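Work through the exercises below with the model open. Try each task before reading its solution.

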Amino acid sequence: MHKILSLYRNELDKIFHRLTTWLLLGAMVLGTFAMGGLMRAVTALVESRMGMTSQYYDADGNLVDEAVEHRRMLEEAVAAERINLPLELAKYDDEGNLKDMESSYADYGSLIWRQADLAVMELCLEHDIDYYGSNFSSGMFDPTQAYDFRTEITTVMQPIAQQLYSLEFAARTGELTPGDQATLFLARRMMQLCEEALTDGDYSDWLDLQITSLPILYGNDAEGQETMRKQYEMLKQANPEGKTNPLLILPTIQEIGRLERSLQDDVEYSDQSGGNGVPLTDAKRTDLQNQLVVANYRLEQGYFSVGQTLAAAIGVSIGGYTVMKQTGAALLAVFVLILAGSTVAQEISTGSIKALIIAPVRRRKILTAKIAAIATTALGGSLLLLLTLLGADALLFRDEFSQPYIYATHGQAHALPFAAYRAAEIAVDFLPLLCWLLFALMLSTLLRHTAAAVGVSLGGYFLGNTLGQILQLLPQSWAMRFLPMQHFNLSGAVFHFAPSGDVQGLSSAVTGIASSTASAAFSACYLAVLVLCFGWTAYDSFCRKDLK
């Protein structure tokens, strides 16, 4: 044991006396921070673009000349009380001649839009609401931002006003059908209720109004009405004062609806629409029940995922922390593979291995010390990555969305603090990283050529992840569970209660492989077998072959 410890310390000295070691570790830290800064800039850009109508605002957030002129025209029109435009003029041109039917309807539609536009603009001016701005992203990326639900009301009022003025015009030019009369009554009532909601500023009343309008929007679709009614009721309970952007809350509510429907129909649906699903097994039913407990707990405690929200809004399913982790993990893997792939082959090529071989020490002890030194360095790199991620998250993203990991066992929800969750995530992913380490070391002892060992191991890492991503798109059969690339995202299997896109393993950092259908225990056992196979092959090659 004393000889192994001496060899171990000697190997550590050699590793940390290399300039390459410090350059690669520095690149990992700087690359992680740089990607975090880039994501912060992209987030700010997305927020600004989602938060204003680009047609009317420049890059600095100022109204362009066209919008200034448009606003002046509308303000003058409102001031001149020109809300009730003479819609009958749509039938005549400037000289008073009767237009053809197509031109008449085109102008008629334009006048209807203008009248609705003026009506909404008047309410915006009256209640100090930015007519051109959008409240779409307020509070999504920065919870300190105020969210004004009244912009929802003015957005909804636009089509209602168009329908109202269209039916009023039709009523003046002809007789309405009973259905149109009922629609006209509802449109007038909806406009009145919207104005009352703007005046009162009560978000719960506004959601109640949305519920009462469901028959208009969904007609005879009773199932659609019931689904939306449940969503509005849950939104009202989770956000009674309307201070949180509903876009943050709706993905969780929709997830609850999907899980409830899956449990009710005994079929696992992939989305809320209730399309083709997979029949539930007993184990899967228990898992879905726990997922439902987690989703309800997140809704009650106000833990909402920005990544989930972006996935629903603009198709981006990962947040800043995940992207930083992917970058840092890829750089850490490159460092470990270069280190492990060169540790034996380089010493053989330079002849320095002979000094160890002629010493009165068994070869297995020499290789054991090398593996322990490289594994210790990899573990230290993982800890450095964790500290870098936590620091970058706190500095760049102000720690606003650093939420605990919520999980459930036996129908009971539990919370793991954010730092402990991320530390456990790194610890879990050390097993796949160790697997790649021994794979590179095995190649180093077999090929005895540094460039070949490092090149093949790096190629296997990146191409294997890409192949794993492709395999996820194929039907999952029992045989695919035994493919190695299906198990490298071990943290995704262990922390499967995390929101979509929130967990990516260190070994799946580049392409973000989702966890396979296999259980976490099966994946861990599979990787442990790979570790033993790679390690045994490396020992056998190192101890049996001549080292020249």
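The model is a predicted one.

**Exercise 1. Classify the packing of helix 16 (residues 363-396) against helix 18 (residues 430-447) from their axes.**

Solution. 
- Step 1: take the geometry. The two axes come within 11 Å and cross at roughly 140°.
- Step 2: apply the cut-offs. Over 145 degrees would count as roughly antiparallel, and 65 to 115 as roughly perpendicular.
- Step 3: Helix 16 passes helix 18 in a right-handed crossing.
- Step 4: list the contact. Helix 16 supplies L367, I371, I374, A375, A378, L379 and S382. Helix 18 answers with F430, L433, L434, L437, L438 and L441.
- Step 5: sort by class. This contact of helix 16 with helix 18 has twelve nonpolar residues, one polar and no charged.

**Exercise 2. At what angle do helix 13 (residues 320-342) and helix 18 pack, and which residues make the contact?**

Solution. 
- Step 1: read the axes. They lie 7 Å apart, at an angle of about 30°.
- Step 2: classify. Angles under 35 degrees count as roughly parallel. Helix 13 and helix 18 are therefore roughly parallel.
- Step 3: helix 13 passes helix 18 in a right-handed crossing.
- Step 4: the contact uses L332, A333, V336, L337, A340, G341 and S342 of helix 13. From helix 18 come L433, W436, L437, A440, L441 and S444.
- Step 5: the classes in the contact of helix 13 with helix 18 are ten nonpolar, three polar and no charged.

**Exercise 3. Is the crossing of helix 18 with helix 21 (residues 520-544) left-handed or right-handed, and how do the axes lie?**

Solution. 
- Step 1: the axes come within 8 Å and cross at roughly 20°.
- Step 2: helix 18 and helix 21 are therefore roughly parallel.
- Step 3: the crossing of helix 18 past helix 21 is left-handed.
- Step 4: on helix 18, the contact includes L431, P432, L434, C435 and L438.
- Step 5: the contact of helix 18 with helix 21 divides into 15 nonpolar, four polar and no charged residues.

**Exercise 4. Describe the aromatic pair of W436 and Y461.**

Solution. 
- Step 1: A pair of aromatic rings is described by the distance of the centres and the angle of the planes.
- Step 2: count. The model has twelve aromatic pairs.
- Step 3: take the values. W436 and Y461 are 5.6 Å apart centre to centre, with 80° between the planes.
- Step 4: classify. Planes over 60 degrees apart count as edge-to-face, and the pair of W436 and Y461 is edge-to-face.
- Step 5: W436 is in helix 18 and Y461 in helix 19 (residues 450-471), so the pair ties together parts 25 residues apart in sequence.

**Exercise 5. In which sense do strand 3 (residues 405-409) and strand 4 (residues 412-416) pair, and what are the partners of Y405 and Y407?**

Solution. 
- Step 1: the sense is antiparallel, over five bridges.
- Step 2: Y405 has L416 as its bridge partner in strand 4. The partner of Y407 is H414.
- Step 3: check the turn. Two residues sit between the strands of this hairpin, and H410 takes a positive phi near 55°.

Conventions
Residues numbered from 1 in each chain as written. Predicted model: local features only at pLDDT ≥ 70, side-chain atom pairs only at ≥ 80, totals over all residues. Heavy atoms only, no water. Pairing = 2+ DSSP bridges. Helix = DSSP H or I, 4+ residues; strand = E, 2+ residues; numbered from the N terminus. Axes fitted to C-alpha atoms, helices over the stretch in contact; angles between N-to-C directions. Left-handed = near helix turned anticlockwise from the far one by under 90°. Contact = heavy atoms within 4.5 Å. Nonpolar A, V, L, I, M, F, W, Y, C, P; charged D, E, K, R; others polar. Phe/Tyr/Trp six-rings, centres within 6.5 Å; stacked < 30°, edge-to-face > 60°.
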